[in-house]
Amino acid sequence: MDKINQTFVREFILLGLSGYPKLEIIFFGLILVMYLVILIGNGVLIIASIFDSRLHTPMYFFLGNLSFLDICYTSSSVPSTLMGLISKKRNISFSGCAVQMFIGFAMGSTECFLLGMMALDRYVAICNPLRYPIIMSKLVYVLMTSVSSLSGGINSIVQTTLAMRLPFCGNNIINHFLCEVLAVLKLACVDISLNITTLAVSNMAFLVLPLLVIFFSYMFILYTILRMNSATGRRKAFSTCSAHLTVVIIFYGTIFFMYAKPKSQDLLEADKLQALDKLISLFYGVVTPMLNPIIYSLRNKDVKAAVKYLLGRKALN
């Protein structure tokens, strides 16, 4: 009976930046502003892609879904992070932690697949322009998005279930801003080799596989562009791919930097690396979703025109 009581955890405590009180105030202001930009920027893109008929294409359908994923992902973690930074209320219930982990995994996994689908869309648009309307029909791109969402959801259910069923032996302090799976697994007092194995398989399926699709898609795209005789055509082709490629570099660059760093044996150095881990995770969770709508709309005439049209209609009403 005592053993059961020791393994039952009702809530977790998220340390965040508790050892850096001055940074907490600075990051509260920064994260709040970024979160508002995420909601506004991605919200505008979603509305524009729905109500402007010029944006009823596969690319903007994928982009609208990407914006929806970013809003859901940040909304599952940022409010609790802000609460912890300003009010020092750092506890989160066991069920709340499970929900946060599930949403984070589902949105992240789906976004990986979706970025791969967007690369395939660009490949068909540039390498097979005449057949593009036939290949990328509405049924096809809706099915591609649905497969991405379903796969991400299944992956999230598996990973969250395996992580939250573990006994934690009363240890409930998570050295992170949120219920990140690796931080939670560190609290387990049993063998976690099954979790590590499934995470490795998940990383291969949702990180490496989409990255290979993106890489080979852009190799074919680059080959096709270099064979174009028109300089104007080459510039237009490059411009349609530049936004997606920039988002991919930021998205994957942050992930690989976060998990490929060498581990330090020095305690002081290890503490600094843990703080850096948390800040990089924050960058991945907040800055990337904030940049996505900016990157996609900065050099996109269609999005700019759609936003101006919607704002003009609102002003007239």
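**View 1. Residue F215 in the predicted model.** At 46% relative accessibility, F215 is classed as partly exposed, a category lying between buried (under 20% relative accessible area) and exposed (over 50%), with a 1.4 Å probe and protein chains only. F215 belongs to helix α8; helices are DSSP runs of H or I with at least four residues, numbered from the N terminus. The model is predicted, local features need pLDDT of at least 70, side-chain atom pairs count only at pLDDT 80 or more, and totals for chains, interfaces and linings use all residues. Residues are numbered from 1 along each chain as its sequence is written, and side-chain values use heavy atoms, without hydrogens and water.

**View 2. The nonpolar surface patch.** M204, V208, L212, F215, F216, M219, F220, L222, L226 and F238 together present about 970 Å² of accessible area. Helix α8 (residues 193–226) supplies the largest share, 9 residues. Patch members have over 30% relative accessible area and no salt bridge, with nonpolar side chains (Val, Leu, Ile, Met, Phe, Trp, Tyr) joined within 5 Å; a salt bridge places a side-chain nitrogen of Lys or Arg within 4 Å of a carboxyl oxygen of Asp or Glu. Areas follow the Shrake-Rupley method with a 1.4 Å probe.

**View 3. The largest cavity.** Its volume is about 100 Å³, and its lining includes Y73, H176, F177 and K278. Helix α10 (267–298) and α3 (58–87) each give two or more residues to this lining, with the largest share, 5 residues, coming from α10. On a 1 Å grid over the protein atoms alone, a cavity is a set of points where a 1.4 Å probe fits but cannot get out, and lining residues have an atom within 4 Å of a point.

Key:
Patches are made of residues with over 30% relative accessible area and no salt bridge: like charges are joined within 9 Å, nonpolar side chains (Val, Leu, Ile, Met, Phe, Trp, Tyr) within 5 Å. On a 1 Å grid over the protein atoms alone, a cavity is a set of points where a 1.4 Å probe fits but cannot get out, and a pocket is an open set with protein on both sides within 12 Å along at least five of seven lines; lining residues have an atom within 4 Å of a point. Grid points are joined across faces, edges and corners, and a volume is the space filled by probe spheres set on the points.
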